[in-house]
Amino acid sequence: MSTSPTDLAQSATRLRRLVPRLRGKRLGVVGDLMLDRYLWGTASRLSPEAAVPVVDFAEQSECLGGAGNVAANLAALGASVEMFGVIGAGKAPADEPGASLRKDLRAADISDKGVLSDARRITTVKTRIIARHQHIVRVDRERREPLHPDTQGRLLRALSASLKNLDALILSDYDKGIITDDFAEKVLGAAHKLKVPVFIGPKRSMLYAYRGAKAIVCNAKEAGQFLAQTLTDEKSFDEAGRKLLSHFGCEAVLITRGENGMTLFQESSLHPLHIPAIGFEVTYARVGKSGIDRSSGGRQVFDVTGAGDTVLSVLALAAAAGAPLPDAARLANAAAGVVVGKLGTASVAPDELLHLLTELSR
């Protein structure tokens, strides 16, 4: 089942009424925290040492990445957000990225009481070098081993103490050691007892650990990797969605498909719901700034950095606000349509979402 233009206009009107209900919902995010750092400059010459461009540095910016970007998306839409994760220990300059990450969380009005410091770890930093809006290279600084048992125990206790106050919980796994099978099982078990719905962005195929989740969100590449098959056409996507529902033992699976939109599979529905992508001509802008040129009729350009985080966060937030999963997925799709019009890790504000929905309802 696919959304027609008429259905899109009707749902856009309905979704506009949903946006104000997002404010004040209480959500927790647990997962791999990262700091996304951007080095901006210009490049007009090649290095004499190797066939690579020489970038003349202009400025530096940074924002929350990984699970932090999920939290930032929630906060931008007015949710009350608690973050749970682990960073390196020590104050700046010993752990300058960790201090910057905490500062960014607080600036976004995200509670960092559940963010633990651990001297055995370092704060994950992904540094992107960009010249003339072209992504030249990315440098990652990270540790991927599982948390020390003591640290995991502290994190579980912090999460358990807050769980009863949450409307929904998001697990955001970037395979940096926070979300293990054992940890996920314990979190879902505790959430199930308190009837807190859990939404998951998995990085690895953990067969039993995610059972009982409200929804799993993955992209087409990840869906294929989970099932060890290539998804090439609608038939293969439909088969994959059904297999993933059984594989994860969850209520719903949402597969994001880039410029082809997304497809929602529900245990309670025989037919998948395909939602076409929403986007405009993009003129690249700085991180977090609008790059949409509505006066242009040319081809669409998509920067999907962090778009999966936006889909996961808006799906969970809309469901927490009482929306049925199909409408939650439609709203998440609209939010992704805004975010892909921005360069780099970004979030969507309520007025941006309402503006897009108003245009779609005409």
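I looked up Arg-143 first: its side chain makes a salt bridge with Glu-145, with the closest N and O atoms 2.8 Å apart. For my notes, a salt bridge is a side-chain nitrogen of Lys or Arg within 4 Å of a carboxyl oxygen of Asp or Glu. This is a predicted model, where local features need pLDDT of at least 70 and side-chain atom pairs count only at pLDDT 80 or more, while totals for chains, interfaces and linings use all residues. Residues are numbered from 1 along each chain as its sequence is written, and side-chain values use heavy atoms, with hydrogens and water left out.

Next I checked accessibility (buried is under 20% relative accessible area, exposed over 50%, partly exposed in between; 1.4 Å probe, protein chains only). Arg-143 is partly exposed at 33%, and Glu-145 is partly exposed at 31%.

Then I went to Arg-45, which pairs with Asp-56 at 3.3 Å between the closest N and O atoms. This pair links distant parts of the chain, 11 residues apart: Arg-45 sits in strand 2 (residues 33-46) and Asp-56 in strand 3 (residues 53-66). Helices (H or I, at least four residues) and strands (E, at least two) are DSSP runs, numbered from the N terminus. Arg-45 comes out partly exposed at 45%, as does Asp-56 at 33%.

Are Asp-327 and Arg-330 buried or exposed? Asp-327 is buried at 9%, and Arg-330 is buried at 17%. Their side chains meet in a salt bridge, 2.9 Å from N to O. Both lie in helix 9 (residues 325-339), 3 residues apart, about one turn of the helix.

Last, I noted a salt-bridge network linking Lys-126, Arg-138, Asp-140, Glu-142, Arg-144 and Lys-176. The count comes to 20 salt bridges.
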